[in-house]
Amino acid sequence: MTLADLLDFLIGPFVEFGFMRRALAGCLALSLSAPPLGVFLMLRRMSLMSEAMSHAILPGAAAGFLVAGLSLPAMTLGGLVAGLAVALAAGLVTRSTVLKEDASLAAFYLISLAGGVFLVSLRGSQVDLLHILFGTVLALDDDALTLLGGISSLTLVALALLYRPLVIECVDPLFLRTVSRAGGPVHSAFLALVVVNLVGGFQALGTLLAVGLMLLPAITARFWAADLSGLIPVAMLVSMLSSVTGLLVSYHAGIRLPTGPAIVLAAGALYLVSMLVGPRGGLLHRLVRRRHLEA
Amino acid sequence: MSGEAARAGAIRFRGLTLGYDRHPAVHHLDGTIAPGDLLAVVGPNGAGKSTLLKGIVGEIRPLDGSVEAGPRSGAIAYLPQAAEIDRSFPLSVLDLVAMGLWRPLGAWRSLTRQRSRLIEALAAVGLNGFEDRPIGTLSGGQFQRALFARLILQDARIILLDEPFTGIDERTTADLLTLIRGWHREGRTVVAALHDLGQVRAHFASTLVLARRPIAWGPTREVLTPPVLARALRLSEAWDEAAAICRHDAHEHDAHEAHHGTDHGGSAESQAPGHSHSHDHHEHGHHDHDHGRAHHGAVS
């Protein structure tokens with residue numbers, strides 16, 4: 001294979017087809033905003049919480065779909081409202097009753113998920129349900145791209161503003177409570193960012209896989225970087241790499257390979273490789289015992 | 001005197017009852033911790049020492065009565081017993097200690113110009129050269145030193161320490177006690193829950209013996225007597241699930257008298273050396289620990 005062939009293989013699809021360029025742009029925007037949130041979720045041991053949140057979005061999107069058909073603005077707005085409502089309700093229950101956050105969130109997301117499936121089945125075919133569940137990354141229109149870009153920018157700015165209290169809240173929530181009242185609002189703002197990014201991800205990857213680009217790159221980064229200043233950029237890079245790989249694989253594959261799962265599978269492959277060879281606690285590095293230091 | 005806010009550094013309890021599920025862990029505590037006091041809170045496990053500190057810092061709400069701490073409750077630095085600090089979080093010692101500057105810096109102001117201050121605080125606790133170590137690699141004693149460095153930077157009028165030397169070796173304890181005496185000299189109010197009575201006798205001016213109810217409160221050498229400690233030990237740790245609703249009238253505490261009549265504990269002959277009917281004579285310097293009977297809490 002010559003260099004030209006390789007270039008054609010890597011760049012050709014994006015040069016040739018507008019829908020591939022759009023898909024790439026959308027995924028790269030998502031790759032800048034979702035993985036940093038995933039890093040914080042992972043460090044707070046809330047990885048599975050985002051999975052619950054992604055299910056919580058479904059009934060809102062479904063309600064939008066019921067009202068307006070397969071319309072992006074309606075479904076986005078619905079998903080946003082449903083996701084934020086579940087996050088806030090779960091937070092409220094956590095603060096005012098005996099339930100811990102994971103339990104209250106689980107209760108609300110299960111209600112929400114069942115309601116969503118119910119709503120979708122009221123109208124529409126199986127195909128529509130698949131669209132909502134698995135996304136349509138190859139059909140991103142201008143509106144969807146604008147939305148993804150906006151979400152990405154908003155998330156990065158908000159994270160920069162929230163960074164310090166968010167880190168303190170992760171490490172020592174009690175300390176933050178004694179010096180400031182920022183803890184509650186910061187936590188809520190963080191959850192809101194997670195919801196917004198999941199709604200963005202659901203345009204491209206669907207509600208079930210939107211979490212993929214948020215968490216897998218963050219978890220992968222843990223094997224390569226030791227602190228936040230390394231984890232966040234590594235997670236972004238892993239996410240971008242997964243997006244490009246997934247798009248190319250689904251384009252070149254002989255069989256019809258859906259794009260959303262291809263992207264998440266690429267991220268999953270990177271995770272497995274990192275788990276084996278990653279220098280920070282990877283499996284191989286644990287097996288090789290290096291001589292200890294003098295002091 | 002009831003209406004005026006507690007002076008900076010003072011902590012005032014009015015019929016304070018703290019607890020969990022309506023069962024009191026601290027029962028009807030009255031009195032004032034004078035500004036600049038160096039107070040040890042002692043008592044058996046389950047006596048309410050930690051609960052009292054949590055109540056002062058506002059971590060739990062009183063079941064009854066109130067606690068006033070300084071003009072702003074935020075001016076309190078609090079070192080909890082089992083810090084819920086996530087030590088696996090990838091954070092450097094310098095960043096952990098830098099949290100102490102939250103009050104002046106908030107969420108956005110730059111930390112880079114404060115680096116020398118942070119290094120200084122680390123040096124003061126004997127952690128020179130540790131600034132870039134991840135917090136997960138510190139030993140228990142080193143970590144406690146780092147938390148004390150954070151307390152230094154918080155620069156608070158009131159410092160609450162919940163069993164700060166549990167599991168800490170002698171040398172570290174001695175170093176940290178030196179720091180505490182320094183805070184005392186600077187006029188800060190220090191309240192520490194402790195178990196080592198030798199330590200309390202050697203370093204703490206006054207002592208509150210707590211066994212759910214306050215047993216005695218005053219100058220350490222007058223309070224830490226065998227009969228007082230024996231009484232404290234007799235505390236039953238078990239909850240009485242069928243406990244009747246406490247009829248102790250909260251309003252009586254505002255008058256700062258009438259404690260004697262309301263014996264709701266059953267066995268409480270008053271053990272305190274005396275009762276104060278006025279909390280206004282703390283004007284003298286904090287070096288003088290012989291104000292003795294001035295700041296006792298009422299014992300009911």
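The axes of helix H11 (residues 228-252) and helix H12 (residues 259-277) of chain A come within 7 Å and cross at roughly 130 degrees. H11(A) is therefore oblique to H12(A), because angles over 145 degrees count as roughly antiparallel and those from 65 to 115 as roughly perpendicular. The crossing of H11(A) past H12(A) is right-handed. The model is predicted.

Residues of H11(A) in this contact include A:Val238, A:Leu241, A:Thr245, A:Gly246 and A:Val249. Among their counterparts in H12(A) are A:Thr259, A:Ala262, A:Ile263, A:Ala266 and A:Leu270. Serines also take part from the H11(A) side, among them A:Ser239, A:Ser242 and A:Ser250. By class, the contact of H11(A) with H12(A) has 10 nonpolar and 7 polar residues, and no charged ones.

Chain A also meets chain B. The contact involves 17 residues of chain A and 17 residues of chain B. On the chain A side, helix H7 (142-171) and helix H8 (173-179) are the elements that give two or more residues. That side divides into 12 nonpolar, 2 polar and 3 charged residues.

Chain B contains an open sheet of 6 strands, ordered S5-S6-S7-S3-S8-S9. Its pairing is mixed. Strands S5 (76-79) and S9 (213-219) of chain B form the edges. Each has a single partner strand, so one side of each lacks a neighbour in the sheet. From one strand to the next, the twist averages 15 degrees. Within S9(B), B:Gly218 stands opposite B:Thr207.

Another open sheet of chain B has 3 strands in the order S2-S1-S4, with antiparallel pairing. Here the edges are strand S2 (23-33) and strand S4 (64-69) of chain B. Each of these has a single partner strand, so one side of each is left without a neighbour in the sheet. The twist in this sheet averages 30 degrees from one strand to the next. Strand S1 (residues 11-20) of chain B runs antiparallel to S4(B), and 5 bridges join them. B:Phe13 has B:Val67 in S4(B) as its bridge partner. Helix H1 (residues 49-57) of chain B lies across S1, S2 and S4 of chain B. The helix H1(B) runs at about 120 degrees to S1(B).

Notes: Residues numbered from 1 in each chain as written. Chains lettered and ligands numbered in written order. Predicted model: local features only at pLDDT ≥ 70, side-chain atom pairs only at ≥ 80, totals over all residues. Pairing = 2+ DSSP bridges. Helix = DSSP H or I, 4+ residues; strand = E, 2+ residues; numbered from the N terminus. Axes fitted to C-alpha atoms, helices over the stretch in contact; angles between N-to-C directions. Contact = placed C-beta atoms within 7 Å. Nonpolar A, V, L, I, M, F, W, Y, C, P; charged D, E, K, R; others polar. Parallel < 35°, antiparallel > 145°, perpendicular 65-115°, else oblique. Left-handed = near helix turned anticlockwise from the far one by under 90°.
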